[in-house]
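I opened a notebook on this structure today. These are my entries, in the order I made them.

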Amino acid sequence: MFTISKQFHFSASHQLHGLADDHPCSRLHGHNYICEVVLQSDTLNSVGFVRDYRELSDLKNYIDDELDHRHLNDVLGENNTTAELMAQHLYNWAHARWSEVVAVRISETPKTWAEYRP
C-alpha cells in the first residue's frame with residue numbers, strides 16, 4: 001500500500017458550547033490549525049503517483065476561501081466545532097473529490113491531533 005499526505009495551514013476562531021463556564025474553550029478563541037489529508041492506494045498512476053500533490057490545491061483553495069480567518073461556528077453552522085468534527089468535515093469534502101483519501105487529521109496546537117478515518 002502506498003500512502004501520501006499533505007498539510008495545509010489556516011487560522012480561525014471558534015467557541016465550544018456545553019462546557020463549564022470556567023473551561024477556556026467555552027470562550028471565543030482561535031487556533032493556527034494544521035490540516036493533514038492522507039491518501040492511500042495499492043497502485044500508482046502512470047507517472048508513479050498515488051495522486052499528484054498539485055491536484056490537492058483544490059483543498060487549499062477551499063480552506064483559504066471558506067475557513068481561513070473565519071469564525072468556524074458561523075461557517076460550519078455548528079455549536080461545537082471540535083477538531084474531531086473539523087476532521088470529519090474536511091474528510092467528507094476531500095473524499096468526495098478524491099477516492100484515495102482515507103483520513104484527515106486536524107491539529108489545534110503543536111501537541112494535539114484529531115483524526116477522522118471511517
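**Entry 1: the model.** I note at the start that this is a predicted model.

**Entry 2: strand pairing.** I began with strand 1, residues 2-14, and found that it pairs with strand 2 in the antiparallel sense over 13 bridges. In this pairing I saw Phe 8 opposite Cys 35 of strand 2. I then looked up strand 3, residues 101-109, which pairs with strand 2 over 6 bridges, also in the antiparallel sense. Here Val 37 stands opposite Val 104, and Ile 34 has Ser 107 as its bridge partner. Strand 3 in turn runs antiparallel to strand 4, residues 112-116, with 4 bridges joining them. I found Val 104 opposite Tyr 116 in strand 4.

**Entry 3: burial of strand 2.** How many residues of strand 2 are buried? I read 10 of the 13 residues in the range 29-41 as buried, so strand 2 is largely enclosed by the rest of the structure.

**Entry 4: the cysteines.** I checked for disulfides and the count is 0. Cys 25 is partly exposed, at a relative accessible area of 23%. Cys 35 is buried, at 0% relative accessibility.

**Entry 5: the annotated site.** I looked up the UniProt record, an unreviewed entry, and it places a "binding site" at His 14, His 29 and His 31. These residues span 18 residues in sequence, yet no two of their C-alpha atoms are more than 8.4 Å apart, so they gather at one spot.

**Entry 6: His 29.** I located His 29 in strand 2. His 29 is buried at 18% relative accessibility, since the cut-off is under 20%. Leaving aside neighbours within four places in sequence, I listed its contacts as Ala 12, Ser 13, His 14 and Pro 24. A polar atom of the His 29 side chain lies 2.7 Å from the backbone oxygen of Arg 27.

**Entry 7: His 31.** I found His 31 in strand 2, and it counts as buried at 13% relative accessibility. Not counting residues up to four places away in sequence, His 31 touches Phe 10, Ser 11, Ala 12, His 14, Glu 108 and Thr 109.

How values were computed. Residues are numbered from 1 along each chain as its sequence is written. This is a predicted model: local features need pLDDT of at least 70, side-chain atom pairs count only at pLDDT 80 or more; totals for chains, interfaces and linings use all residues. Side-chain values use heavy atoms; hydrogens and water are left out. A disulfide is a pair of cysteine sulfur atoms within 2.5 Å. Buried means under 20% relative accessible area, exposed over 50%, partly exposed in between (1.4 Å probe, protein chains only). Helices (H or I, at least four residues) and strands (E, at least two) are DSSP runs, numbered from the N terminus. Two strands pair if DSSP finds at least two bridges between them. UniProt positions are given in the numbering used here, feature names are shortened, and annotations may be inferred rather than shown by experiment. Contact means heavy atoms within 4.5 Å. A polar contact is a pair of N or O atoms within 3.5 Å; within protein, one must be able to donate a hydrogen and the other to accept it, and residues adjacent in sequence count only if both atoms are side-chain atoms.
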